[in-house]
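Reader: I would like to learn how to read the packing of helices in a model such as this one. Could we go through it step by step?

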Amino acid sequence: MGKHRKRFLFLINRGLIILAVATILAGLALDHWHMVLRNAILL
Amino acid sequence: MADEQKSPTVTIKREREDVQRFWLLLARWRTTVQVTAALLLNSYFTQGLTKGLPCPALNCYACPAAAFACPIGSIQHFAARRRFPLYVLGVVGLVGTLIGRASCGWFCPFGWFQELLHRLPTPKLRLSNRFHWTRYLILATLVVVAPLLTRQAWFCQLCPAGTLEAGIPTVLLSPHIRTLIGTLYWIKIGILGVALAGMSVIRRPFCRWICPLGALWSPFNPVSSFRLSVEQERCIRCNRCQEVCPVDVRVYENPSSGTCIRCLQCVSECPVTCISVTSSSWPTEAGRAESAKSTPELC
């Protein structure tokens, strides 16, 4: 695997991790209790 | 001077061998991990604390013992409410970026169930992964578009995992629910019957052509931190990897295939050990020098 491809994959991977964590944090602020309440109905 | 140049290369090579040994050891424990995951995801007593968290597997949250939320059920729920599922997609994205589809091979109770069924002494059928796109079609239609338009969780209504884990147990446990059984329930039982028959004959058919969660994780396989790589110069094209693969992937052709569930069966069975686990890292001078030197030595 070439150096540039490796670097590209590394950057994409780290970028996606940051994006996913940011999405989770945004979701925690906006969706979490909505989901907890919805799933509580199924208990 | 020569020792100073050789020593970091030898150290890196040894480290790589240790890591490889670790993955081989871990691959032997896969069934134990699958059983533990199935028990943890359906641990019942933690429901009050954890049912709001999406689990990294297709595990129906309507199951009486389910302790976590099914990501696909949750996405449909949000689609039906016309809200964007930030939280669920974030968790699915994080799992996908870190381990790709490894969750399917290691944590999914329904995946494990398919592997168990395939061990039954029935005639076996091998089908190629040519129609793998059907799982994307199911994701788009039954998980996103249909719930958006009709405000109903359509995939959940037909999901064989849901029928097995929730539909049947609920009907057995509750006499009140038994009185509500209608045509849809028998359609679901029919779909489950066909799925079970398919699972005993074909390797993991649900994961390969149907699972929308697998469809969400598939694009992450080439860019995830946990990847497979093949040393093409050493590979003898014996097809042993495909023979042992639970999803019939020819690993040497595409180690980053979206169908691969990272079970590491190919890593442990390869006769020339040319398949290895790699992680996403910034290429360094030492690493490049090592990879340039190690291949001829190993040959």
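Author: We begin with a definition: two residues are in contact if their C-beta atoms, placed from the backbone, lie within 7 Å. Please keep in mind that this is a predicted model.

Reader: What covers the buried residues of helix 8 of chain B?

Author: The general idea is that an α-helix has 3.6 residues a turn, so residues three or four places apart point the same way. In helix 8 of chain B the buried residues are Arg135(B), Leu139(B), Leu142(B), Val143(B) and Pro147(B), and their cover includes helix 4 (71-80), helix 9 (154-158), helix 13 (205-210) and helix 14 (212-217) of chain B.

Reader: Where does helix 8 of chain B bend, and which residue follows helix 8?

Author: Helix 8, which spans residues 134-150 of chain B, bends by about 25 degrees at Thr141(B), and after helix 8 comes Arg151(B), with a positive phi near 60 degrees.

Reader: At what angle do helix 1 of chain A and helix 5 of chain B pack?

Author: Helix 1 (residues 3-30) of chain A and helix 5 (residues 86-99) of chain B pack at about 155 degrees, their axes being 7 Å apart. Angles over 145 degrees count as roughly antiparallel, and helix 1 of chain A is therefore roughly antiparallel to helix 5 of chain B. The crossing of these two helices is left-handed.

Methods
Residues are numbered from 1 along each chain as its sequence is written. Chains are lettered from A and ligands numbered from 1 in the order in which they are written. This is a predicted model: local features need pLDDT of at least 70, side-chain atom pairs count only at pLDDT 80 or more; totals for chains, interfaces and linings use all residues. The bend at a residue is the angle between axes fitted to the seven residues ending there and the seven starting there. Helices (H or I, at least four residues) and strands (E, at least two) are DSSP runs, numbered from the N terminus. A residue is buried if 20 or more other C-beta atoms lie within 10 Å of its own, exposed if 12 or fewer, and partly exposed in between; C-beta atoms are placed from the backbone. Axes are lines fitted to C-alpha atoms, for helices over the stretch in contact, and angles run from 0 to 180 degrees between N-to-C directions. Angles under 35 degrees count as roughly parallel, over 145 as roughly antiparallel, 65 to 115 as roughly perpendicular and the rest as oblique. A crossing is left-handed if the near helix is turned anticlockwise from the far one by less than a right angle, and right-handed if clockwise.
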